[in-house]
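Me: I have a model open on my screen and would like to learn how to read it. Could you take me through some features one by one?

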Amino acid sequence: AKMAAAASDLLTGWCLFGLALLAILIFCWVYVRKYQSRRESEVISTITAIFALAVALITSALLPVDIFLVSYMKHQNGTFKIWADANVSRQIEDTVLYGYYSLYSIILFCVFLWIPFVYFYYEEKEEDDGNTCSQVKTALKYTLGFITICAILLLIGAFVPLDIPNKKNSTEWEKVKLLFEEFGSSHGLTALSFSISSLTVIGMLAAITYTAYGMSALPLNLIKGTTSAAYERLENTEDIEEVEQHLLRIKSKCRDGRPLSSRDRRTLQQLEERLRTLRRRERHLESIEKSWWTKFCEAIRPLKIVWGVFFIIVALLFTVSLFLSNLDKALHSAGFDSGFIILGTNLTNPLNMLLPVLQRVFPLDYILITTIVMYFIFTSMAGIRNMGIWFFWIRLYKIRRGKTRPQALLFLCMILLLIVLHTSYMIYSLAPQYVMYGSQKYLVQVRCNYFILCLNILYPKMYYQCIVTRTYLFLHKFWFFSAAYYFGNWAFIAVFLIGLIVSCCKGKKSVIEGEVDDDDSDMSDDELSVYYH
């Protein structure tokens with residue numbers, strides 16, 4: 001009966017996973033369709049963006065599943081469940097591990113092959129609309145560079161020695177032999193782990209740039225709201241009248257046939273461009289003012305404020321926990337050579353205190369960890385949307401509703417894939433022992449009596465009684481990557497605080513901020529009108 005109940009629970013879990021997968025696909029389709037340009041949309045780029053975004057969200061959702069499975073194998077008294085014998089637990093561990101490897105392999109495929117190929121294909125299509133074969137060849141030529149980088153990372157990961165021989169008099173041949181033995185024993189999985197860790201470092205830089213800013217900008221934008229469309233329209237009308245009067249004054253200089261000076265001609269051209277932009281703003285503001293969506297947003301304004309307050313609380317909880325965790329590593333870890341890894345917690349943080357309390361009521365702890373993961377992803381989206389896509393100081397693309405180019409969407413999805421890889425380590429930094437062992441407990445014998453202890457509290461030397469999540473094993477294969485993540489966490493905290501100060505000092509956003517620019521064509525007005533009527 002217990003075996004049947006366990007099988008029923010697992011079946012229910014798979015059904016819920018299927019529904020979550022369907023919800024993720026629907027969300028990705030709506031998100032991509034919302035932001036992509038109607039005039040420049042292509043089937044292949046749309047499918048690629050939806051697929052890559054779905055892979056990012058599914059990979060981020062695997063961490064709570066991993067924690068749940070290792071916790072589900074044990075009773076609250078610290079003993080294993082009847083069905084969770086050595087073989088069954090091993091099968092579950094392998095299934096989760098293969099799930100990680102499958103999704104990470106798909107991410108490698110997307111980052112190094114599929115997304116670059118589609119991106120360069122459409123870059124060539126804009127320049128040469130004629131020969132499709134030539135476009136494919138050129139795209140493959142540029143993509144070959146990404147494939148070469150992937151191959152180099154796999155080779156380095158395959159042969160980098162994790163265990164250096166202690167014998168000082170070992171020959172070069174013995175060292176080479178050791179490398180091949182390690183490669184054979186790991187079946188090439190270490191190579192994949194090294195490649196993913198390399199991408200995770202890039203994802204760390206993206207998280208520092210976009211996620212840290214998004215965590216401060218998103219809540220404060222929800223709390224402050226946007227300016228009134230009617231007020232902005234009134235100001236815009238005054239600006240139009242002022243520009244028209246200035247134009248009339250300049251044009252009056254040439255009524256008697258005298259030519260305008262070069263300075264007046266430049267001013268006239270600038271004012272005409274300014275007038276076109278103001279008239280486009282007038283059309284958009286009029287559409288927004290009459291739309292049902294604006295009325296609906298005004299009706300749920302109190303709910304937005306509540307969500308904003310909730311998000312800022314989560315962000316502060318996130319940042320304080322990350323600071324205390326990093327401080328703990330700085331004070332009590334073995335240092336740089338060990339990757340600042342610690343097995344226990346000497347300085348507790350709010351998240352580590354909260355999770356054991358929530359474990360008493362199933363499934364509150366899993367809801368919290370899932371909320372943090374999803375919050376991390378959605379704030380990353382908000383940061384990319386607000387900042388645009390940059391290469392150092394050069395702005396490459398803007399992310400705008402209904403006007404985003406296919407190449408920008410592909411860049412957005414690639415950045416999210418890289419950020420998702422860094423998410424697991426960020427969550428581990430917030431609650432290291434919970435990510436390692438979930439809510440497992442174990443037995444300790446003291447004077448012939450058994451005490452049930454929680455892994456988040458005491459006795460790190462007794463951890464061998466419990467099952468470690470596959471996420472943890474994946475995170476700490478290479479100490480130098482762990483050291484890089486440690487310093488990245490400090491940079492993340494600094495950027496978040498700077499972004500919080502900047503967001504507090506900024507005023508309300510325009511109701512059409514980023515949707516009307518000087519370089520837009522009049523044809524682009526039709527794309528935004530879809531959302532306002």
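Reply: Happy to; we will go from the whole chain to single residues, and please keep in mind that this is a predicted model.

Me: Let's start with the overview. How many helices and strands does the protein chain have?

Reply: The protein chain has 17 helices and four strands. Of its 533 residues, 47% count as buried.

Me: And how much of the contact pattern comes from residues 24 or more positions apart?

Reply: Counting contacts with a separation of 6 or more, 78% are between residues 24 or more positions apart in the protein chain.

Me: Now the aromatic residues. How do I read a ring pair?

Reply: A pair of aromatic rings is described by the distance of the centres and the angle of the planes. In this model, a search of the whole structure finds 26 aromatic pairs. One of them is Y100 with Y104, a tilted pair with 5.7 Å centre to centre and 40° between the planes. Both of these tyrosines lie in helix 3 (residues 86-127), four residues apart, which is about one turn of the helix. Y100 is buried, and Y104 is buried too.

Me: What kind of pair do F117 and Y121 form?

Reply: F117 and Y121 form a stacked pair, with 6.3 Å centre to centre and 25° between the planes. The pair counts as stacked because planes under 30 degrees apart fall in that class. F117 and Y121 are four residues apart in helix 3, so about one helical turn separates them. Both F117 and Y121 are buried.

Me: Which residues do ring pairs link into a cluster?

Reply: The cluster is made of Y119, F120, Y142, F146, Y397 and F411. Take Y142 as an example of another ring feature: the charged end of K141 sits over the ring of Y142, 5.4 Å from its centre.

Me: Which side chains does N489 join by polar contacts?

Reply: A polar contact of 3.3 Å joins the side chain of N489 to that of N326, and another, of 3.1 Å, joins it to the side chain of S429. Setting aside residues up to four places away in sequence, N489 touches L322, N326, H422, Y425, M426 and S429.

Me: What about the partner, N326?

Reply: N326 lies in helix 10. N326 is buried as well, with a relative accessible area of 0%. Beyond its neighbours within four places in sequence, N326 is in contact with Y486, N489 and W490.

Me: How far apart are G335 and A483 in sequence and in space?

Reply: G335 and A483 are 148 residues apart in sequence, and their C-alpha atoms are 8.7 Å apart in space. G335 is found in the loop between helix 10 (301-332) and helix 11 (350-358). With a relative accessible area of 17%, G335 is buried.

Me: Can we look at S105 in the same way?

Reply: Gladly. S105 is found in helix 3. S105 counts as partly exposed because its relative accessibility is 34%. The side chain of S105 reaches the backbone oxygen of Y101 at 2.6 Å. S105 and I196 are 91 residues apart in sequence and 8.6 Å apart in space, C-alpha to C-alpha.

Me: Last one. Which residues does UniProt list for "coiled-coil region"?

Reply: The UniProt entry, which is unreviewed, lists residues 261-288 under that name. In the model, the chain over residues 261-288 is 96% helix and 0% strand, with its end C-alpha atoms 41 Å apart.

Technical notes. Residues are numbered from 1 along each chain as its sequence is written. This is a predicted model: local features need pLDDT of at least 70, side-chain atom pairs count only at pLDDT 80 or more; totals for chains, interfaces and linings use all residues. Side-chain values use heavy atoms; hydrogens and water are left out. Rings of Phe, Tyr and Trp (its six-membered ring) pair if their centres lie within 6.5 Å; planes under 30 degrees apart count as stacked, over 60 as edge-to-face and the rest as tilted. Helices (H or I, at least four residues) and strands (E, at least two) are DSSP runs, numbered from the N terminus. Buried means under 20% relative accessible area, exposed over 50%, partly exposed in between (1.4 Å probe, protein chains only). A charge sits over a ring if NZ of Lys or CZ of Arg is within 6 Å of the ring centre and within 35 degrees of the ring normal. A polar contact is a pair of N or O atoms within 3.5 Å; within protein, one must be able to donate a hydrogen and the other to accept it, and residues adjacent in sequence count only if both atoms are side-chain atoms. Contact means heavy atoms within 4.5 Å. UniProt positions are given in the numbering used here, feature names are shortened, and annotations may be inferred rather than shown by experiment.
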